[in-house]
Amino acid sequence: MLNLVLFGPPGSGKGTQSEKLIAHYGFKHLSTGDLLRSEISRQTPLGIEAKSFMDKGQLVPDEVVIGMISSALDNNPNAKGFLFDGFPRTEAQAEALDKLLRLKQAEINLVLSLIVKEEELVKRLLNRGKSSGRSDDTNEGVVRARIAEYHKKTAAVADYYRKFGKVKEVNGEGSVETIFNSLCAEIEKIIYIGQ
Ligand code: AP5
C-alpha cells in the first residue's frame, strides 16, 4: 500500500494534479476540501459549521477533519493506496493520520510538496473565482487569509515529515503536464525502492 500526501499552499495545484495522479496510479483520492464542500452543499450540521471557517479563509477545527478522514479510511478498506490532498494541514492532523494508518499497518510513504510563488497563487485563485462559484476564491482578502493560514499553521507539517526524510519538493509553476511528470518521477523512485 502506497500512501501519498500532495502538499502545498492554496492554489498550488493539488486538486489539478490529484486528478491526474489518481487516473494514472489508481489511488483513492481523499480531499478534505472536497469532503467539506460536499457537507456544505448537503447543508449538514458539519457543513454549516465548516462554512463559517472556510468563508473567512480559516482552517476548520482539527477534530472535524480528522473525523472525516477516519470515516473515509474505514469506508475504503480495499484501497490500494491513498492520495491525501489538503490534509494534513496541522501537526495535530499529521500525528492523527499516522495513528490511523498505523492501525492498518500502513504509513505515509511520500510527501510531494508543490512550490509556487505567492503572487502566482493569488492570481490563480482569483482567476478561478470568476467562474468556480467557490466563495473563498472571489475575495482577495480571503485568498490572502488562506495563504497566511497556510504559513501560520500548515507549512510546519512539511517539517514534521522532513524529520522522517519523506518530503520531496517539486516546482509547481509551469505547465500542468510538466509538473505531473515531475511528480510521477518522484513516485516512480518510491515504487522502484519498494520492489
Ligand atoms: P481546499 O479545498 O483544500 O483548498 P486549498 O488548499 O485552498 O486549495 P485549492 O483547491 O484552492 O488549490 P489547489 O492547491 O488544490 O490548486 P488547484 O489544483 O485547485 O480547502 C478549502 C478550505 O477548506 C480551507 O481554506 C479550509 O477552510 C478548509 N479545509 C480543507 N482541508 C482542511 C483541513 N485538512 N483542515 C482544516 N481545514 C481544512 O488549482 C487552483 C487553480 O489554479 C485552478 O484554477 C487551476 O486550474 C489552476 N492551476 C493549477 N495548476 C496550474 C498551473 N500549473 N498553471 C496555471 N494554473 C494552474
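In this predicted model, the largest nonpolar core has 32 residues, and those touching the most other members are Ile69, Leu73, Phe84, Leu97, Ile108 and Tyr161. Two or more residues each come from β1 (4-7), α3 (45-54), α4 (62-74), β3 (82-85), α5 (91-102) and α7 (140-162). Helix α4 gives this core its largest share, 7 residues. A further core of 16 residues lies apart from it, with Phe27, Leu114, Val170 and Phe180 among its members. The strands form an open sheet of 5, ordered β2-β3-β1-β4-β5, with parallel pairing.

**Contacts in the core**

- Isoleucine 69 touches Leu30, Thr32, Phe84, Phe87, Leu97 and Leu100, with residues up to four places away in sequence not counted.
- Two of these contacts, Phe84 and Leu97, are listed with Ile69 itself among the residues that touch the most other members of the largest core.

**The sheet**

- At the edges of the sheet stand β2 (28-31) and β5 (167-171), each of which pairs on one side only.
- On average, neighbouring strands are turned by 20 degrees against each other, with direction ignored.
- Strand β1 is joined to β3 by 3 bridges, and the two run parallel.
- Between β1 and strand β4 (residues 110-115) there are 4 bridges, and this pair also runs parallel.
- Strands β4 and β5 pair over 5 bridges in the parallel sense.

- Leucine 4 has a bridge partner in β3, leucine 83, and another in β4, leucine 110.
- Valine 5 has phenylalanine 84 as its bridge partner in β3.
- Phenylalanine 84 is also one of the residues touching the most other members of the largest core, and isoleucine 69 contacts it.
- Leucine 6 stands opposite leucine 112 of β4.

**Strand β4 and the β5 side**

- Of the 6 residues in β4, 5 are buried, which leaves the strand mostly covered.
- Isoleucine 115 has asparagine 171 as its bridge partner in β5.
- Helix α7 lies across β1, β4 and β5, and runs at about 145 degrees to β1.

**Helix α1**

- Helix α1 (residues 14-25) has 12 residues and reaches 16 Å from first to last C-alpha, close to the 16 Å expected at 1.5 Å a residue.
- The buried residues of α1 are Lys14, Gln17, Ser18, Leu21 and Tyr25.
- They lie on the same side of α1 because they cover an arc of only 110 degrees around the axis.
- Glu19 and Ala23, on the other side of α1, are exposed.

**Helix α3**

- Gly47, Ala50 and Met54 are buried in α3.
- Their arc around the axis is only 65 degrees, so these residues lie on the same side of α3.
- Pro45 and Ile48 are exposed on the other side of α3.
- The cover over the buried residues of α3 includes α2 (32-41) and α7.

**Serine 135**

- Serine 135 belongs to the loop between α6 (118-129) and α7.
- Its relative accessibility is 40%, so serine 135 counts as partly exposed, since the class of partly exposed residues runs between the buried limit of under 20% and the exposed limit of over 50%.
- Serine 135 is 81 residues from methionine 54 in sequence, and their C-alpha atoms are 8.7 Å apart in space.
- Methionine 54 is one of the buried residues of α3.

Note on methods
Residues numbered from 1 in each chain as written. Predicted model: local features only at pLDDT ≥ 70, side-chain atom pairs only at ≥ 80, totals over all residues. Heavy atoms only, no water. Expected span 1.5 Å × (residues − 1). Buried < 20%, exposed > 50% of the residue type's maximum accessible area, 1.4 Å probe, protein only. Arc of directions from axis to C-beta. Core = buried A, V, L, I, M, F, W, Y, C linked by side-chain atoms within 4.5 Å. Contact = heavy atoms within 4.5 Å. Pairing = 2+ DSSP bridges. Axes fitted to C-alpha atoms, helices over the stretch in contact; angles between N-to-C directions.
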